[in-house]
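Subject: Structure handover

Hello,

Here is the structure I promised you. Please open it first, then read my notes beside it.

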Amino acid sequence: MKEVEVIKDLCISCGICMQMNNEVFDYDDDGKSVVIKQMVNEEIENIAGMCPTGAIVITEK
Ligand code: SF4
């Protein structure tokens, strides 16, 4: 099963992932992205590829 996570130290708060899918990604108290719903599909994989800093990591668990 695949899981998505955001490496907080790499997130630059650009907002792309939250704008693309606000069911999975939201802002945390520091204005960084956080995963609020665990879901990996083609859309989420595409969003991970669009993150300018590679902060969105998908792993096989
Ligand atoms: S796309 Fe990447 S850098 Fe931008 S808010 Fe999301 S995790 Fe952070």
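Leaving aside its neighbours within four places in sequence, V6 is in contact with C11, F25, S33, V35, A55 and I56. Contact here means heavy atoms within 4.5 Å.

A word on the source. This is a predicted model, in which local features need pLDDT of at least 70, side-chain atom pairs count only at pLDDT 80 or more, and totals for chains, interfaces and linings use all residues. Residues are numbered from 1 along each chain as its sequence is written, and side-chain values use heavy atoms, with hydrogens and water left out.

**The core**

V6 also belongs to the largest nonpolar core, which has 13 residues. Those with the most contacts inside this core are V4, V6, C17, F25, I44, I47 and I56. A nonpolar core is a set of buried Ala, Val, Leu, Ile, Met, Phe, Trp, Tyr and Cys residues joined through side-chain atoms within 4.5 Å. Buried means under 20% relative accessible area, exposed means over 50%, and partly exposed lies in between (1.4 Å probe, protein chains only).

Which elements give two or more residues to this core? They are β1 (2-6), α1 (16-20) and α2 (42-50). α2 gives the most, with 3 residues. Helices (H or I, at least four residues) and strands (E, at least two) are DSSP runs, numbered from the N terminus. In soluble globular proteins, nonpolar side chains tend to be buried together.

**S33**

S33 lies in strand β3 (residues 33-35). Is S33 buried or exposed? S33 is buried, because its relative accessible area is 4%. Not counting residues up to four places away in sequence, S33 touches V6, C11, C17, M18, F25 and D26.

**The ligand**

How many residues surround the ligand? There are 14, and the closest are C11, C14, G15, C17 and C51. A residue is near a molecule if one of its heavy atoms lies within 4 Å of it. The largest share of this shell, 3 residues, comes from α1.

The space taken by the ligand is the largest cavity. A cavity is a set of points on a 1 Å grid, over the protein atoms alone, where a 1.4 Å probe fits but cannot get out. A molecule sits in a cavity if more than half of its atoms lie within 2 Å of its grid points.

**The loop between β1 and α1**

I7 is found in this loop. I7 is partly exposed, because its relative accessible area is 31%. I7 and I56 are 49 residues apart in sequence, yet 6.4 Å apart in space, C-alpha to C-alpha. Neighbours within four places in sequence aside, I7 is in contact with A55 and V57.

S13 is in the loop between β1 and α1 too. S13 has a positive phi of about 60 degrees although it is not a glycine. S13 is partly exposed, with a relative accessible area of 31%.

I16 is found in helix α1. With a relative accessible area of 28%, I16 is partly exposed. I16 touches M50 and P52, not counting residues up to four places away in sequence.

N21 lies in the loop between α1 and β2 (25-27). N21 counts as buried, because its relative accessibility is 8%. Leaving aside neighbours within four places in sequence, N21 is in contact with M39, E43, I44 and I47.

E43, one of those partners, lies in helix α2. E43 is partly exposed, at 34% relative accessible area. The side chain of E43 makes a polar contact with the side chain of N21 (3.3 Å). A polar contact is a pair of N or O atoms within 3.5 Å; within protein, one must be able to donate a hydrogen and the other to accept it, and residues adjacent in sequence count only if both atoms are side-chain atoms.

E60 is found in strand β4 (residues 56-60). Is E60 buried or exposed? E60 counts as exposed, because its relative accessibility is 57%. The C-alpha atoms of E60 and M1 are separated by 5.7 Å, although the two are 59 residues apart along the chain. The side chain of E60 reaches the backbone nitrogen of M1 at 3.2 Å. Leaving aside neighbours within four places in sequence, E60 is in contact with M1 and K2.

Best wishes

Key:
On a 1 Å grid over the protein atoms alone, a cavity is a set of points where a 1.4 Å probe fits but cannot get out, and a pocket is an open set with protein on both sides within 12 Å along at least five of seven lines; lining residues have an atom within 4 Å of a point.
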